[in-house]
Amino acid sequence: MCVFDFKQHEKVSFEHAVSVFQQTRAIDVRYLPFKLSAETVTLAAGCQVVCIFVNDVANADILTRLAALGVKCIALRCAGFNNVDLKAAHALGLEVVRVPAYSPYAVAEHATALILSLNRKIVHAYSRVKQGNFSLNNLVGFDLHGKTVGVLGTGKIGQCFIKIMLGFGCNVLCYDVYRSDEVATWANVRYVDSLDELYAKSKVISLHLPLLPTTKYIINAESMAKMQPGVMIINTSRGPLINTIDLIAALKSGQVGSAGLDVYEEESAYFFEDLSGTIMSDDKLARLMTFNNVIITSHQAFLTEEALQAIAQTTLLNVTQFLDGKKGSELTNNVA
């Protein structure tokens, strides 16, 4: 098995899962610190399984080359699979498996951390006090209690986030093409038929959607114009849910009052790497970083001990099933 984009934060949990796996069967694991790409694909030669993460490239060309090298299975260490050309994978006879849920609490709690940090100006307050400035000027926030929070996507993460917001005493408006019967019964939670209603009534809007052709740039100039002036937007899902150019314009005009972003549409060139000694060449990301009402974290919402353990264990379970000869729908976490 060849594990691409393997980082230090994964080492303890993943290598432990591999050691447990090796107690019952033999497997050679090749750990590579760089992403799967056209330049690195040949390093998978001799491996039946290629294990990848969110920013690895698995397009039709790369999958064709992997298949020619003898690879039979693509094992994702994440829930999202928008970086894999599924049509090409299936045509090549490649199995694709993923980790559908590791810790929805981790992501939901990080989204909440972004809300609180932005609202109560935690970053600014911390920096000031470190410099001996104890002034309270420009640190005024608002009570979350009683506010309306809009939630796009009510899957496992969205539901965890809703419960947290209810704990703060918020009213929640939800939108999802596939509604949850359970969520629909919760007090102070209501599904809306129109996104326009959610946009108009929500003080905070949090995104918990998968990246699909229908959800790409769902947050754009038109949708932001329908939101309350000064709205807070949180994205811990996928970067391309938001049109970054439009977000920058809305931040400049004040239509969007603040944004908490754990993802960015062009993040693959930057996130998970230490680039502190280089010049930022991405103009959009550089501009976002200049706003004092924007917090950007580098796709770390999932990063808890529990989530890393679950990712490693589920990945090895997926590999076990594949090596046992299971295919397609026989695989518990098959991506159809």
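How many nonpolar, polar and charged residues are in the lining of the second largest pocket? The legends below cover this pocket in a predicted model, along with the largest pocket and the sheet.

**View 1. The second largest pocket and its lining.** This pocket holds about 410 Å³ of space. It is lined by 24 residues, and V54, N55, N82, P240 and E265 are the closest to its centre. Sorted by class, the lining has nine nonpolar, eight polar and seven charged residues.

**View 2. The largest pocket and its lining.** The space in the largest pocket comes to about 1100 Å³. Its lining is made of 39 residues, with R98, H208, L209, P210 and L211 nearest the centre. Helix 4 (104–119) and helix 6 (156–167) are the elements that each give two or more residues to this lining. The most comes from helix 6, which gives three residues. By class, 22 residues in the lining of the largest pocket are nonpolar, eleven are polar and six are charged.

**View 3. The pairing of strand 1 with strand 3.** Strand 1 covers residues 2–3 and strand 3 covers residues 49–52. The two strands run parallel and are joined by two bridges. Within this pairing, V3 is found opposite C51 of strand 3.

Key:
Residues numbered from 1 in each chain as written. Predicted model: local features only at pLDDT ≥ 70, side-chain atom pairs only at ≥ 80, totals over all residues. Heavy atoms only, no water. Pairing = 2+ DSSP bridges. Helix = DSSP H or I, 4+ residues; strand = E, 2+ residues; numbered from the N terminus. 1 Å grid on protein atoms, 1.4 Å probe; cavity = no way out; pocket = protein on both sides within 12 Å on 5 of 7 lines; lining within 4 Å. Points joined across faces, edges and corners; volume = space filled by probe spheres on them. Nonpolar A, V, L, I, M, F, W, Y, C, P; charged D, E, K, R; others polar.
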